[in-house]
Amino acid sequence: MSVDKLREARRTPASVFMQFTRQYKEYESALYCFFEGEDDKYYGIRIDNIARPTKDIYANCGGKEGVLGVYKLINNNESYSKVRAAYFIDRDFDESIKNTQITGVYETSCYSIENFYTSINSFCKILRTEFKLAESEDDFNNCKNLYTQLQKEFHDAVELLNIWIACQREKQAKLNLAGFNISDFVVIDLDNIKINYTIDTLYTRFPKAIAVTQEEIDLKKSDLCSQERQKSFRGKFEIGFLCKFIQKLIEEANKGNPKYFTKRISITLNVNPKTIISDLSQYADTPDCLVDYLESFRTSVN
């Protein structure tokens, strides 16, 4: 069995549950946290600061189905009726668990944790700390306005892409999105955003896609675009835009390009798509619903 297959096998609900049962015998009062993939890179600092457990144990459950699978195994076993367990999942394009019988699970208020990184509030924190800009400076406001303008252009460019993927999700088509990043669909520059796809090329790139009618696209557009697109659009695309934008802005700041900055700014921040969730975690938003969820575990300690 390959290393990837072994790793995958350790993340099935049954395997994670077995690991939990062994740990629970030793640490009955610990806070057990179950995540999708490596989402602890976002949640970890917030669990420490808000729930403040004396001991916490993290488990990577693979995807959303894995987290919900472990949730069911633990909740269906009376031996663990007093366990302190926190479960974290992304909303994605799926129906919210608020419309189900599932309780006690935190579901993001937006598409996924990546969307918490891309708000204007989060971006301004990066400007203040990493670019060392005060809100009273022209450079701060120029960068803020540029981000707002380009993010809108980006959302216009990927609107059809998000709607089409959401339709595919509803039809349970298997697209294998993991093999693509946002640069495969749009060209991101500080001057503008260029579209690099059509609905016809989407069917070519995703041969397992299912035909979608114009009526279905119009209906899904009405749903997704009735919310803030920064929150309702696919998170990995959103943070891909943020990563590319910051990389380019850092280049111009270090050069002191007068088109964007009135002075040269030396920036040491190194933004990488593979580590951006960890690198920028302290700047990401923490919504009230997450604070409330984590505070419920703090209260149970006290």
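This is a predicted model: local features need pLDDT of at least 70, side-chain atom pairs count only at pLDDT 80 or more; totals for chains, interfaces and linings use all residues.

Biologist: Fine. How many helices and strands does the chain have?

Modeller: The chain has 12 helices and six strands. Its radius of gyration is 21 Å, close to the 19 Å that the globule rule gives for 302 residues, so the chain is as compact as a globular protein of that length.

Biologist: And what does the C-alpha trace span along its principal axes?

Modeller: About 65 × 50 × 40 Å.

Biologist: What share of the residues is buried?

Modeller: Buried residues are 48% of the 302. The accessible surface is about 15900 Å², and carbon and sulfur atoms hold 47% of that.

Biologist: What about contacts between residues 24 or more positions apart?

Modeller: They make up 72% of the contacts with a separation of 6 or more.

Biologist: Switching to helix H4. How does its end-to-end distance compare with what it should span?

Modeller: H4 covers residues 64–75, which is 12 residues. At 1.5 Å a residue they should span 16 Å, and the end C-alpha atoms are 16 Å apart, so the two agree.

Biologist: Which H4 residues are buried?

Modeller: Lys64, Gly66, Val67, Leu68, Gly69, Val70, Tyr71 and Ile74.

Biologist: Where is Gln172?

Modeller: In the loop between helix H6 (138–170) and strand S5 (186–188). Asn176 is in the loop between H6 and S5 too, and has a positive phi of about 55°.

Biologist: Are those two buried or exposed?

Modeller: Exposed means over 50% relative accessibility. Gln172 is at 70%, so it counts as exposed. Asn176 is at 58%, so it counts as exposed.

Biologist: Last one, Asn196. Where is it found?

Modeller: In the loop between strand S6 (193–195) and helix H7 (199–205). Asn196 is partly exposed, at 40% relative accessible area.

Biologist: What does Asn196 touch?

Modeller: Leaving out residues up to four places away in sequence, Asn196 touches Asp184, Phe185, Val186 and Arg205.

Conventions
Residues are numbered from 1 along each chain as its sequence is written. Side-chain values use heavy atoms; hydrogens and water are left out. Helices (H or I, at least four residues) and strands (E, at least two) are DSSP runs, numbered from the N terminus. The expected span of a helix is 1.5 Å times one less than its number of residues. Buried means under 20% relative accessible area, exposed over 50%, partly exposed in between (1.4 Å probe, protein chains only). Contact means heavy atoms within 4.5 Å. The radius of gyration is taken over C-alpha atoms; the globule rule is 2.2 Å times the number of residues to the power 0.38. Accessible areas come from the Shrake-Rupley method with a 1.4 Å probe; for residues, only the protein chains shown count as cover.
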